[in-house]
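Please look over the sequence and the model shown below before reading on. The notes that follow are meant for a reader who is meeting this structure for the first time.

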Number of protein chains: 2
Amino acid sequence: MDIRQYVVDKAKKAKTAGRQMAGISTAVKNSALYAMADALEANADKILFANEKDIEIGKKAGLSKALLDRLLLNEGRIKDMAEGLRQVASLADPVGEIVRMWTRPNGLQIGQIRVPLGVVGIIYEARPNVTVDAAGLCLKAGNTVLLRGGSEAIHSNIEIVNIITEAAIGKGLPDGCIQLIEITDREAANIMMRLNGYLDVLIPRGGAGLIRSVVENATVPVIETGVGNCHVYVDSDADLTMAENIVINAKTQRPAVCNAMEKLLVHEDIADKFLPTIGEKLTALGVELRGCPRTCEILPGIKPALEEDWEREYLDLVLAIKVVKTLDEALEHIYIYGTKHSEAIITNSYVNSRRFLKEVDAAAVYVNASTRFTDGFEFGFGAEIGISTQKLHARGPMGLKELTTTKYIIYGEGQIRG
Amino acid sequence: MDIRQYVVDKAKKAKTAGRQMAGISTAVKNSALYAMADALEANADKILFANEKDIEIGKKAGLSKALLDRLLLNEGRIKDMAEGLRQVASLADPVGEIVRMWTRPNGLQIGQIRVPLGVVGIIYEARPNVTVDAAGLCLKAGNTVLLRGGSEAIHSNIEIVNIITEAAIGKGLPDGCIQLIEITDREAANIMMRLNGYLDVLIPRGGAGLIRSVVENATVPVIETGVGNCHVYVDSDADLTMAENIVINAKTQRPAVCNAMEKLLVHEDIADKFLPTIGEKLTALGVELRGCPRTCEILPGIKPALEEDWEREYLDLVLAIKVVKTLDEALEHIYIYGTKHSEAIITNSYVNSRRFLKEVDAAAVYVNASTRFTDGFEFGFGAEIGISTQKLHARGPMGLKELTTTKYIIYGEGQIRG
């Protein structure tokens, strides 16, 4: 089998369907999303049957418990996927928005109107719910989607795509609107990354390795998502109870996600007072602490932090702590080691809060709140396709609007350029 | 000499300076731009001396007349560059704009604020004025810039960069704010294309070959600019005098630029009437015509258009003409051969104008106006760094705003995620 031809054929179908999608009304898109949701629930048994195959193969292949859990579907998770689609249906359609419109001295009326991107490519890993989420968001924004999920979830993904595609087409979406690459070879993904002329954007969703591979190899435009080496800096005049609550929340509420705190910076004036209590509480919650030399003096018995600790995204119940002499030292540390995702200061100083907001270069910069809020739902976007850590096109949580582009429309009466 | 190290050092300087640039006030940036303009005029003799070297070498190397003209500087062109900088100084600063701000039910106040991109890379060809234009626009938007011009203009570029950098630093911009890669090896450009972590965006400005090479090789985010295979479609009930004026303007006013018309589509109902007159006028203006079979019947003696004619961007006084049976055929032709740059319909039909605006997927879609208006100045942006033909981040003419990104700032009172 010619893998390249196979991938290009899928992309061609998505592109042809994309041209039709752009003209589909909001009402039709919404009825398709509701039908997709209903079809998922009605065919739960088929999905679970396919998922069992994936789980079985995964167990034989020795997948970790965590990975198997991500892979696993059950009635509840299928219901959640369906509810997700219904929620997307209830969101406002970004397509057609007139972003701005103005008249030039020569009488030309120029408008910027929001339109779909075209074909969105998603490369993702084990979780089959991404298949449904991504398809729903892309379709609502008027795009078609080319999906490439992980090999571990292939049986689940094929079944899910069959079910939702049939439902979508039944309500009037174009054949080809959801394309799944069923070949799970690395080669198929590599071909997909270079589909200029077919793919308008490629969004990798997964671990740091996947994202790096896509950024390295893709020639189509990419939106980089995910990696978050997030810091919380507790300033000298912070409210220490507030600081404690935020640190515990940012570290432990869901440690495996990109907006969880990975590093704690503490001003030296309060380190003696703050670190023993927070250290004890974090340890009690199962967090492994690693510290700079000063931290290790205050919290004897914890591991010393190595250079690589300051760079790493643990995605786990591990926290490295550094005592800093000044706000400047904290800013410098974040500049050097941060991944421009989410950074927070806990302070009661007006001046320091302003400086932190201004000087930290990240997708989301917080004063007195947990980094865990960097999320499309928490921001009020109603949905999220990922969190962009790059600066082009979209930065931070991406909702439906970030899955669109604009074009200029110009109304003239015969104007020519002088 | 280690080319890689050389390029990385330049990029490092630009990055370090970029961090300082973000905090520089509009007033300081503007005074730097005015000082740069004054310095160009005051040192015109030095620039002309360096430019003479480039011209001399270029002549020996057998550069074409057109290329030598693009390379050539004179008092007038230096004055134009200086005026360009003064104009950029007079534009509103996009940095600091609060794009939107809202309060969540939990009391979090979330704002999206416009900030500089950081370091902008520009790879360009022979024209030394791009050095000044690009530096001015990048600095005004709070960025630093890493420039890589063509080897033909290297002496001019070095002199220009020395002069404007000294002026900029004299007014308080950070050392390193304008970095020129003086090694004109292809290798230096290739290294620049993969400077992830240093370059926030790379904008190629030049011919199709340069742009293709950047898109193919870059791992940093790229904004693709330029290629325009632009169509004008004259509908069955167009005002033929208006159509004539627009066609002549779009083809002949400046044929070597990307928003010039390259293809003319004519509805069959008016082809017999329209083509003889427009054919005669275009021929008189020196335009070489190539036609589909029906066009060749109406305009005997012109060359037949080959398949490759429909695909090509001539950038010259050449025009291919096709007679179409319907609006649908015109839309299909544009879909297949267009480069999503600028497309126009000349019509008096309300329905057809609406369909054209809706169904054509391009950066700029016109009704009854010349495609030549796709331009930052003509759109009223006051400046232009290029015309994006991709869909991510920016589409169409890019002004200062397109040289920025945003970040989210969040004001809390101790909120944690539940």
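Does A:Glu244 count as buried or exposed, judged by its relative accessibility? At 12% relative accessibility, A:Glu244 counts as buried. This value, like every other one in this briefing, is computed from a predicted model. The points below take up the relation of the chains, the domains, the cysteines and the salt bridges.

**How the two chains are related**

- Chain A is superposed on chain B by a rotation of 180 degrees with 0.0 Å of shift along its axis, and the RMSD of this superposition is 0.0 Å.
- That is the relation of a two-fold axis, and in chain A the C-alpha nearest to this axis belongs to A:His393, which lies 1.8 Å from it.
- The copies meet through the same surface, because 100% of the interface residues of chain A are also interface residues in chain B.

**Domains of chain A**

- The domain assignment divides chain A into domain 1, made up of 3–224 + 392–411, and domain 2, which covers 230–373.
- Taken over C-alpha atoms, the centres of domain 1 of chain A and domain 2 of chain A are separated by 35 Å.

**Cysteines**

- Over all chains, the structure holds zero disulfides.
- For A:Cys258, the closest cysteine sulfur is that of A:Cys230 at 6.9 Å, which is too far for a bond, since a disulfide needs the two sulfur atoms within 2.5 Å.
- A:Cys258 has 19% relative accessibility and counts as buried, because the cut-off for that class is under 20%.
- B:Cys138 is likewise in no disulfide, the nearest cysteine sulfur being that of B:Cys177, 11 Å away.
- With a relative accessible area of 0%, B:Cys138 is buried.

**Salt bridges**

- A:Glu244, the residue of the opening question, meets the side chain of A:Lys281 in a salt bridge at 2.5 Å, N to O.
- Since A:Glu244 lies in helix H10 (residues 240–252) of chain A and A:Lys281 in helix H11 (residues 268–284) of chain A, the pair ties together parts that are 37 residues apart in sequence.
- While A:Glu244 is buried, A:Lys281 is partly exposed, with a relative accessible area of 38%.
- In chain B, the side chains of B:Lys303 and B:Glu288 meet in a salt bridge of 3.4 Å, again from N to O.
- Because B:Lys303 belongs to strand S10 (residues 303–304) of chain B and B:Glu288 to strand S9 (residues 288–291) of chain B, this pair ties together parts that are 15 residues apart in sequence.
- B:Lys303 is partly exposed, with a relative accessible area of 46%, and B:Glu288 is also partly exposed, at 31%.
- Salt bridges that share partners join A:Asp38, A:Glu41, A:Lys79, A:Glu83 and A:Arg86 into one network.

Note on methods: Residues numbered from 1 in each chain as written. Chains lettered and ligands numbered in written order. Predicted model: local features only at pLDDT ≥ 70, side-chain atom pairs only at ≥ 80, totals over all residues. Heavy atoms only, no water. Least-squares fit on C-alpha atoms with pLDDT ≥ 70 in both. Contact = heavy atoms within 4.5 Å. Buried < 20%, exposed > 50% of the residue type's maximum accessible area, 1.4 Å probe, protein only. Salt bridge = Lys/Arg side-chain N within 4 Å of Asp/Glu carboxyl O. Helix = DSSP H or I, 4+ residues; strand = E, 2+ residues; numbered from the N terminus. Domains from an automatic or database assignment.
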